[in-house]
Each structure stands twice: as structure tokens, then as C-alpha cells.
Amino acid sequence: MQILNNIIGRSTGYITRYFGWRNWSVLHYNSVAENIFLLFYIALRDQLYSYEYIIDLFIFIAFSMFSTTYGYLINDFADKELDALHGKDNTFKSDSVWKAGVVVVVFMTLSIVAGMKFVGNPLFLPLWLCWIIIATFYSLKPIRLKERGWVGLLFVVIAQRVLPTMLIFAAFNHLEPTDVGIFTAYIFFRGLSSDLNHQLEDYQKDIT
């Protein structure tokens, strides 16, 4: 019983530490969670009231949570040494590079498993591949988009706001141009404002 309790305790600790990254930012800063109204809009617009839609909805939310966590963790993985120098918090500050890499791969794998449900839908796969590339090389060298000024800011808004929005429409086969255009533009400009504010808040530390 003690062994089982230890296993449960360690598992809970890992979930809280990695999946619950920085006070569960995976929920607070997840574009799908922020814009969950899109899922309800699509359901109402396309009259999707079946159990199949509900199951797909929960699978997609899980996909978005694993993907968002991967995006945050690959950033902490790439910034591990810099954050230590700057005195910033980092999820992997007490982990070896090998352990941190394994955790990142685990969440990428979970994202892929959940995302496979939607790969047969038009545009989902190319949009998803674009997201993976931007989310990965936003932080990793040699590209490291986050150090490229306005270009980096634009790409982070695309990765965190625009592509998740378009993935919602693609995952549920709602590709009506007017809906996609209006909602994506609204979320893009809202995200640009939010991320620009975040950059200004961190400006002094980043300059240092």
C-alpha cells in the first residue's frame, strides 16, 4: 500500500509540475480554452448535437492542452540556462537536460496521439505541421524566432492564436470563409495586443 501511495504521489507531482505548468497556464493561456465559444458556435451553426461531436470536442480539448503544454515546455527547455542566469522561474530548473527532453517528447507524443483523430479532415494536417514547426523553432536554435524582434512577435501570435483558431475550424470541418475570416482576424488582433503587452512587461529583464 505504501508503494502504491508513493507511486500515486509521484505521479500527481509530475502532473502538477509539468502539465500544471506555472499555476495551470495550460488552461489560462490556452487559445482553445479562451475561445471555446467557437466550438459552441460551430455546434449551433452546423446543428451538431450528437454524442460523436461531444466526444470529438473533448478529444480536441485534450489535443489542445497537450499541444499548448508542449509549446510552453519546449520554450522552458530551450531557455533553461538563460533563465537560470536571469533569475527567472523555469519548469526544468532542477532537471537534467536528458530528463527535460524526455518530458517534452512525452507531451509531443500525447499531442500526436490525440491529434490523429482529426488528420483526415481537410487542411488539418498542414495547419498542424505549421504549428509544430513554429512552436518548436520559436525557442530552439538555430532559428530561435523569439530573438528576431517583430518577426518573432508575429510568429508567436500566429502559433498561440491564429493557428489554434484555424485548427478548430479544420478539425470540425467548418470552413465557411466568412466565419473563418472574421473570427480569426478578431482573435489575431486580440492576441497581438496581449502578447505586445507581455513583451513590454518583460522588456527591462530581456534587455539586461
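I started with the largest nonpolar core, which has 45 residues; Phe 60, Phe 124, Trp 131, Ile 168 and Phe 172 touch the most other members. I keep in mind that this is a predicted model.

Next I looked up which elements supply the core. Two or more residues each come from helix H4 (37-45), H5, helix H7 (97-115), helix H8 (124-137), helix H9 (149-171) and helix H10 (177-201). H9 gives the most, with ten residues.

I then took Phe 60 and listed its contacts, leaving aside neighbours within four places in sequence. Phe 60 is in contact with Val 32, Phe 118, Phe 124, Leu 167, Ile 168, Ala 171 and Phe 172. Among these, Phe 124, Ile 168 and Phe 172 are also on the list of residues touching the most other core members.

I moved on to the surface. Tyr 51, Ile 54, Ile 55 and Phe 58 form a nonpolar patch there, with about 500 Å² of accessible area together. Tyr 51 is in helix H5, which covers residues 51-78. Is Tyr 51 buried or exposed? I find a relative accessible area of 70%, so Tyr 51 counts as exposed. In soluble globular proteins, nonpolar side chains tend to be buried together.

Last, I checked Ser 31. Ser 31 lies in helix H3 (residues 31-34). Its relative accessibility is 5%, so Ser 31 counts as buried. Which backbone oxygen does the side chain of Ser 31 reach? I found that of Gln 160, at 3.4 Å. Beyond neighbours within four places in sequence, Ser 31 is in contact with Gln 160, Arg 161, Pro 164 and Thr 165.

Technical notes
Residues numbered from 1 in each chain as written. Predicted model: local features only at pLDDT ≥ 70, side-chain atom pairs only at ≥ 80, totals over all residues. Heavy atoms only, no water. Helix = DSSP H or I, 4+ residues; strand = E, 2+ residues; numbered from the N terminus. Buried < 20%, exposed > 50% of the residue type's maximum accessible area, 1.4 Å probe, protein only. Polar contact = N/O pair within 3.5 Å; in protein donor to acceptor, adjacent residues only side chain to side chain. Contact = heavy atoms within 4.5 Å. Patch = residues over 30% accessible without salt bridge, like charges linked within 9 Å, V, L, I, M, F, W, Y side chains within 5 Å. Areas by Shrake-Rupley, 256 points an atom, 1.4 Å probe, with all protein chains shown as cover. Salt bridge = Lys/Arg side-chain N within 4 Å of Asp/Glu carboxyl O. Core = buried A, V, L, I, M, F, W, Y, C linked by side-chain atoms within 4.5 Å.
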